[in-house]
Amino acid sequence: MITLEDIKEAQRTLKNVVHRTALAYSSVLSEVTGGEIYLKMENLQKTGSFKIRGAYNKIAHLSEEERKRGVVAASAGNHAQGVALAAQIFGIPATIVMPKYAPLSKITKTRNLGAQVILEGNIFDEAYEAALRIQEKIGAVFVHPFNDPHVIAGQGTIGLEIMEDLPDVEVVVVPVGGGGLISGVSVAIKSMNPEVKVIGVQTENMPSMIASLRRGRAERVEGKPTLADGIAVKKPGDLTFELVKKYVDEMVVVNEEEIADAILFLLEQAKVVAEGAGAVGVAAVLNKLDVKGKKVAIVISGGNIDVNMIDRIINKGLVKSGRKVFIETFVMDRPGALKELLGIVAELGANVLSVFHNRSAKEVPIGFAKIELELETVDEKHVEEIERVLIAKGYEVRIVV
């Protein structure tokens, strides 16, 4: 089992290698939840996530002969970059197997760090199996993303930093995939103060640790794709399972909508960029946990989110909150009809983002044109007002969800 001394040794190993990330007070989250909320900003860590801590600590403990053989790893993206950077620092070759559908930004960044990237499988577990075959073939050292004592100890340094920066913390909320992060963090925190409550968060689409805890052993579960790709692990490690069972107080799940809302909340309200896995702790505090009156630290484990995904989340969030709306209606196919419609929209204070005019679609009556409007609005009440006024003026209106 991992001890506090193992984690303190890792902290010494990582000195001058990793950033000591801020534990930042969030006034907006504190106001919304009624707790005193702090964010452990591992999204600002080197390579954009906590993974460099465990990867570097593992490689630092390899012998010279082992390093000469190089390292192999499997990852959905963040562990890949951590291993690639650590290998680059030590000047050794690294081969990383990533799922075919890993975010392009993570694939590119891993290659830019000098690693050979091989795309294999649709999910992490399939990439993991491919990495083991490659490791056996080329004889390199396998750097496990979570089920390794040195990796766990490296991740546990986050727990040390939280306790040093916020000694009277009462609750620590941690994302959970394979369990390496929460294992290390919980060992550090519980060893220093057993009264601190450690809570793990998984995505509803891949709750492998929670399912394993219910069954009493580490087991594989079949899940679904998730925004939180960094914690989409079908089976936790046997080592991490035992540590979680011993040290973690509670596990909760959040769904995809809650994760997307948390990403948008962090971006807009807290000015923090977090990927799906990095935002699950905030999703849990906003939706599943009662932290009123508690001093809480939430680990924002990573910020490596693709900008295209951010765009989709923002747009969906705007529509959900009534700040953007898509409206379909019909106008007479004559000069001035479109201008009249847009004039009404303008008087109602909506901003037109786009207009699509179609007179040829099958459902459009002869003599009419179908108009599709994308409008920037204030809120849901504003949308309802626009719909009401247009209907009152004789327009057939459909709000497109």
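Contact here means heavy atoms within 4.5 Å. The structure is a predicted model, in which local features need pLDDT of at least 70, side-chain atom pairs count only at pLDDT 80 or more, and totals for chains, interfaces and linings use all residues. Residues are numbered from 1 along each chain as its sequence is written, and side-chain values use heavy atoms, with hydrogens and water left out.

The chain holds 16 helices and 14 strands. Helices (H or I, at least four residues) and strands (E, at least two) are DSSP runs, numbered from the N terminus. The C-alpha trace spans about 80 × 50 × 40 Å along its principal axes. Of the 401 residues in the chain, 56% are buried. Buried means under 20% relative accessible area, exposed means over 50%, and partly exposed lies in between (1.4 Å probe, protein chains only). Among contacts with a separation of 6 or more, 71% join residues 24 or more positions apart.

Helix H11 covers residues 238-247. Its buried residues are Leu239, Thr240, Phe241, Leu243, Val244 and Tyr247. They pack against helix H8 (149-165), helix H9 (180-192), strand E8 (197-203) and helix H10 (208-215). Threonine 240 lies in this helix, H11. Threonine 240 is buried, with a relative accessible area of 0%. What is threonine 240 in contact with, leaving aside its neighbours within four places in sequence? The partners are Phe146, Asn147, Ile152, Gly178, Gly179, Gly180, Ser183 and Met209.

Strand E10 spans residues 295-300 and is mostly covered, with six of its six residues buried. In a regular strand the side chains alternate between the two faces of the sheet. In E10, Lys295, Ala297 and Val299 point one way. Val296, Ile298 and Ile300 point the other way. Two strands count as paired if DSSP finds at least two bridges between them. Strand E2 (residues 36-41) runs parallel to E10 and is joined to it by six bridges. Leucine 39 has isoleucine 298 of E10 as its bridge partner. Strand E7 (residues 171-175) also runs parallel to E10, through three bridges. Here valine 172 stands opposite alanine 297 of E10.

Five of the five residues of E7 are buried, so E7 is largely enclosed by the rest of the structure. Val171, Val173 and Pro175 point one way from E7, and Val172 and Val174 point the other way. Five bridges link E7 to E8 in parallel. Glycine 200 in E8 is the bridge partner of valine 174.

Four other elements make up an open sheet, in the order E5-E4-E3-E6, with parallel pairing. Strand E5 (116-119) and strand E6 (141-142) stand at its edges with a single partner strand each, so one side of each is left without a neighbour in the sheet. E5 runs parallel to strand E4 (residues 94-98), and four bridges join them. Valine 97 has isoleucine 118 of E5 as its bridge partner.

The largest nonpolar core has 38 residues. A nonpolar core is a set of buried Ala, Val, Leu, Ile, Met, Phe, Trp, Tyr and Cys residues joined through side-chain atoms within 4.5 Å. Ile37, Leu39, Val173, Leu266, Val282, Leu289 and Ile298 touch the most other members of the largest core. Leucine 266 touches Leu39, Lys271, Val272, Ala274, Ala279, Val282 and Ile300, not counting residues up to four places away in sequence. A second, separate core has 27 residues, including Ala86, Ala94, Ile107 and Val117.

Leucine 85 is found in helix H5 (residues 78-90). Is leucine 85 buried or exposed? Leucine 85 is buried, with a relative accessible area of 13%. Not counting residues up to four places away in sequence, leucine 85 touches Lys46, Thr47, Ile52 and Leu113. Leucine 85 and glycine 114 are 29 residues apart in sequence, and their C-alpha atoms are 8.1 Å apart in space.

The largest pocket contains about 360 Å³ of space. A pocket is an open set of points on a 1 Å grid over the protein atoms alone, where a 1.4 Å probe fits and protein lies on both sides within 12 Å along at least five of seven lines; lining residues have an atom within 4 Å of a point. The volume is the space filled by probe spheres set on the points, which are joined across faces, edges and corners. Sixteen residues line this pocket, and Asn122, Ile123, Pro225, Thr226 and Asp229 lie nearest its centre. The lining divides into 10 nonpolar, three polar and three charged residues. Ala, Val, Leu, Ile, Met, Phe, Trp, Tyr, Cys and Pro count as nonpolar, Asp, Glu, Lys and Arg as charged, and the others, Gly among them, as polar.
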